[in-house]
Amino acid sequence: MTSRLALALLLALTGCGDDAAERVARAEREIAGMELGAAKVDLTAALADAGDDPAILRMLAAVQLRLGDGDGAAATASRLERSGGSQAELALIRAEAAVLRGNSDQALALLGQDASPAAERVRAAALSAKGDTAGAFAALQRGAASGGDPLLLRDYARFLIAAQDLDAASRQVEALSRLPAGKFDAALIRADIAVRRGQFAEAHAVLEQMAEKYPRVPDPWLARANAFDLQGKLDDALAMTSRAAAVAPDDPRVRDLQVQFASMKGEWDKVRSLLARQERDLDPLSANGLSYAEAMLRTGHPEQARAMFQRALTRSPNNPFARIMLAEAQLATGDSLAAFGTVKPLAASRLAGPRELELAVKAADAAGLPDATPLRGRLRAAQAGQAQSLAAEGQAALAREDWSAAAQAYAQLAQSGDDPEVLKRLALALSHAGKGEEAIRAADKARALRPEDPDTLYMAGLVRARTGTDLPTAITLLRKASSAEPTNAVFRNTLARYQAQTGA
């Protein structure tokens, strides 16, 4: 809210009692400090004192929408309608509330032909919820081109991050940071991009400044906890989680990190305790769902764990953690043959580490399979560290976007034999290093080894799109990958991004 509007509102409230005016003024400060929950309480109290003042109702609706409270925002819109709100503003509030309540068709109908940046943002959210990622991307592009709406630029940057286009996302963040109302989101997203690029010092510096500026908001501490986790600094991550818990003990994101770190420390009873109330509603592929399944395995319930990991792997066949854990659960239930079949694709890769190979050896031994002997030899070699050293070098180079070093590491690994996992990473590094033809050859070789694998289809399409080579084929491959794994946001967003370039 602008200071002029705030002054007008406070003057209008003078006759309604000092309490309402004070609460609105405090709510404005809380909104500026991103203390949205507190602002919601103060605005609700101000309305109780002042009656259904339209300006307060508008403030409350905006806060409720930002908090994801679709039911509350819809109720506030009804009060605003009775108090003289315009049809245009009511339609926009109700449309966004409808998206939050899972009614995307209603949201699109309410938006009608409204082409304002705010409407395009809500339209993008509705289309995305309906699975129309290309339509969502087009709406975000139109909104960004027609005006500087901070929430639209935030959503556009997040879309581009999910499409793995960090350069384009950074450009949106720069535009967002120039808007007074966009500085909070701009800083958070800038830190996220820095983390994804392995620039941890830069990310922590940004987040430290945010923690000082927004002392009652958990987001900077949560972001730092995730960054420290990626750096392998568990104690620091736990310290940041404690800071977040001190600010917002009931925030579900705090609990999620507590679950994650309890899992890493092997505190399985704590994991079960933290998640027990949500057991029926856990998404088997979510971090909490996978952690809960592992907790069941580690606390002596392998059959239940097996069922959970099977559901996760069925939905995402290329999830390596779900595959490893399903194999462990199968072994724990005495089904060694199934366990070997589950872990075999991971163990066959040149990127396989001691954990995958050791599990494969154990399963092969238990099943009496001759595969155990060569796997045992590979396990000894992996423990010696040569292949693992190259794999670690390649992964570290990818993280810091040193494409030449990554390509060199994966090219050395590829000399040991055809491996789709190695070839996919090699193709990605080569495409960024400006070696388009080599990237396509590596990606196509990976696809030939696993022709129906969504990941190899995606990489073969991505390197073509990135290098501008045969875009129709690129779109076809990206579309096949997205169809094979429709819940994968990276696949969907990348397809939408390049479809927009071609009009396909």
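**Note on loops, a buried arginine and helix packing**

1. D470 sits in the loop that joins α28 (454–467) to α29 (471–484). The model is a predicted one. The phi angle of D470 is near 50°, which is a positive value in a residue other than glycine. With a relative accessible area of 41%, D470 is partly exposed, since that class covers the range between 20% and 50%.

2. A second residue with positive phi is E401. Its phi is near 60°, and E401 is a residue other than glycine. E401 is placed in the loop between α24 (386–399) and α25 (403–414). Its relative accessibility is 28%, so E401 counts as partly exposed.

3. R323 belongs to helix α20, which covers residues 320–332. What is the nearest side chain of opposite charge to R323, and how far away is it? The nearest is D453, at 7.9 Å. R323 is buried and has no salt bridge; the cut-off for a salt bridge is 4 Å between a side-chain nitrogen of Lys or Arg and a carboxyl oxygen of Asp or Glu.

4. The contacts of R323 complete that point. With neighbours within four places in sequence left aside, R323 is in contact with L313, P317, T342, P345 and L346. Anyone assigning charges here may wish to look at this list together with the 7.9 Å separation from D453.

5. Helices α6 and α7 form one of the packed pairs. Helix α6 spans residues 87–100 and helix α7 spans residues 104–111; their axes come within 7 Å and cross at roughly 165°. That angle makes α6 roughly antiparallel to α7, as angles over 145 degrees are classed that way. The crossing of α6 and α7 is left-handed. On the α6 side the residues that meet α7 are A91, L92, R94, A95, A98 and V99. Their counterparts in α7 are S104, Q106, A107, L110 and L111.

6. E89 is also part of helix α6. How far apart are E89 and R58 in sequence and in space? They are separated by 31 residues in sequence, and by 9.0 Å in space from C-alpha to C-alpha. Once neighbours within four places in sequence are left aside, E89 is in contact with R58 and L80.

7. Helices α15 and α16 form another pair. Helix α15 (residues 234–247) packs on helix α16 (residues 252–264) at an angle of about 155°, and their axes are 10 Å apart. That makes α15 roughly antiparallel to α16. The crossing of α15 past α16 is left-handed. The contact is made from α15 by L234, A237, L238, T241, A244 and A245. From α16 it is made by V254, L257, Q258, F261 and M264.

8. Which way do α9 and α30 cross, left-handed or right-handed? Helix α9 (residues 133–146) and helix α30 (residues 489–502) have axes that come within 8 Å and cross at roughly 60°. The two helices are therefore oblique to each other. The crossing of α9 and α30 is right-handed. In α9 the contact is made by T133, A134, F137 and Q141. In α30 the contact is made by R492, N493, A496, R497, Q499 and A500.

Note on methods:
Residues numbered from 1 in each chain as written. Predicted model: local features only at pLDDT ≥ 70, side-chain atom pairs only at ≥ 80, totals over all residues. Heavy atoms only, no water. Helix = DSSP H or I, 4+ residues; strand = E, 2+ residues; numbered from the N terminus. Buried < 20%, exposed > 50% of the residue type's maximum accessible area, 1.4 Å probe, protein only. Lys, Arg positive; Asp, Glu negative; His and termini not counted. Contact = heavy atoms within 4.5 Å. Axes fitted to C-alpha atoms, helices over the stretch in contact; angles between N-to-C directions. Parallel < 35°, antiparallel > 145°, perpendicular 65-115°, else oblique. Left-handed = near helix turned anticlockwise from the far one by under 90°.
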